[in-house]
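Okay everyone, thanks for coming. Have a look at this one with me.

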Amino acid sequence: MSPDSDPVFKRVLIKLSGEALMGPLDYGTDPATVEAIAKQLKSVHDRGVEIAVVLGAGNIYRGLSEAAAGMDRATADYMGMLAIVLNALTLQDALEKLGVHTRVQSAITVSEVAEPYIRRRAMRHLEKGRVVIFAAGTGNPFFTTDTAAALRAVEIHAEAILMAKNGVDGVYSADPRVDPGAKFLERITHMEALQRGLKVMDSTALTLCMENELPLYVFNMDDEENIDRIVSGERVGTLVST
């Protein structure tokens, strides 16, 4: 399908890892990479698709990992939430430079730089054509950004989660970087992914998606056309559904 065709989704949530912002760097944020991601989001947004984004913090936290070693888990998780806020503001700036109205909603209070997470306000922003970036995970330690993505997607009635991966085309029967015999899986159910322990997202998040019949599209972020292809209805990467 061409980008001129009508999108098959009206509202999606895109899950980006912090590593997606690193580009060629060992850790940190690569401005060219962030700009390229912002352009991909703008392209889909311009087609009338309502977009919410959940970010990770691996790009920043990788640099902090030694400092966090041996630290209380809750404290380390709160550090990660603050790192996500930094990533959210970076992506917001890149999107607004392209003329895309964007709001950051944080699950922890940072009122000088972001709105608090309020579900109904988030949905109103989406209805008005603004991109909404959900920052700081769920606001609770011991929960991953995968769980935050599943939770927010269900709350805002997103029709699908688009899980962007770095250098991997989708879900495999094993880690293809370790097992050369790993088979690519074009389609799988949530339950199969849970039972086989496949690294789609953590089990809490996957269970939440399964219970709410929320499909996941796991795809390679390296191809800049992939998000556009998915919202056009093309089969890209792996579809995880009920």
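I'll talk about a pair of helices, then one more helix, then a loop residue.

First, the ground rules: this is a predicted model, where local features need pLDDT of at least 70 and side-chain atom pairs count only at pLDDT 80 or more, while totals for chains, interfaces and linings use all residues. Residues are numbered from 1 along each chain as its sequence is written, and side-chain values use heavy atoms, leaving out hydrogens and water.

So, the pair. Helices here are DSSP runs of H or I with at least four residues, strands are E runs of at least two, and both are numbered from the N terminus. The axes of α5 (residues 145–155) and α7 (residues 203–211), lines fitted to C-alpha atoms over the stretch in contact, come within 7 Å and cross at roughly 20°. That makes α5 roughly parallel to α7, a label for angles under 35 degrees between N-to-C directions, on a scale from 0 to 180. Who touches whom? On α5, Asp 146, Thr 147, Ala 150, Leu 151 and Val 154; on α7, Thr 204, Ala 205, Leu 208 and Cys 209. Contact means heavy atoms within 4.5 Å.

Next, α4, residues 119–127. Ala 122, Met 123, His 125 and Leu 126 are buried there, meaning under 20% relative accessible area with a 1.4 Å probe, protein chains only. They cover an arc of only 155° around the axis, so they sit on the same side of α4, going by directions from the axis to the C-beta atoms. Their cover includes β1, β2, β3, β4, β5 and α5. After α4 comes Gly 129, with a positive phi near 85°.

Last, Val 110, in the loop between β3 and β4. Buried or exposed? Val 110 is buried, at 19% relative accessible area.

Conventions
Parallel < 35°, antiparallel > 145°, perpendicular 65-115°, else oblique. Buried < 20%, exposed > 50% of the residue type's maximum accessible area, 1.4 Å probe, protein only.
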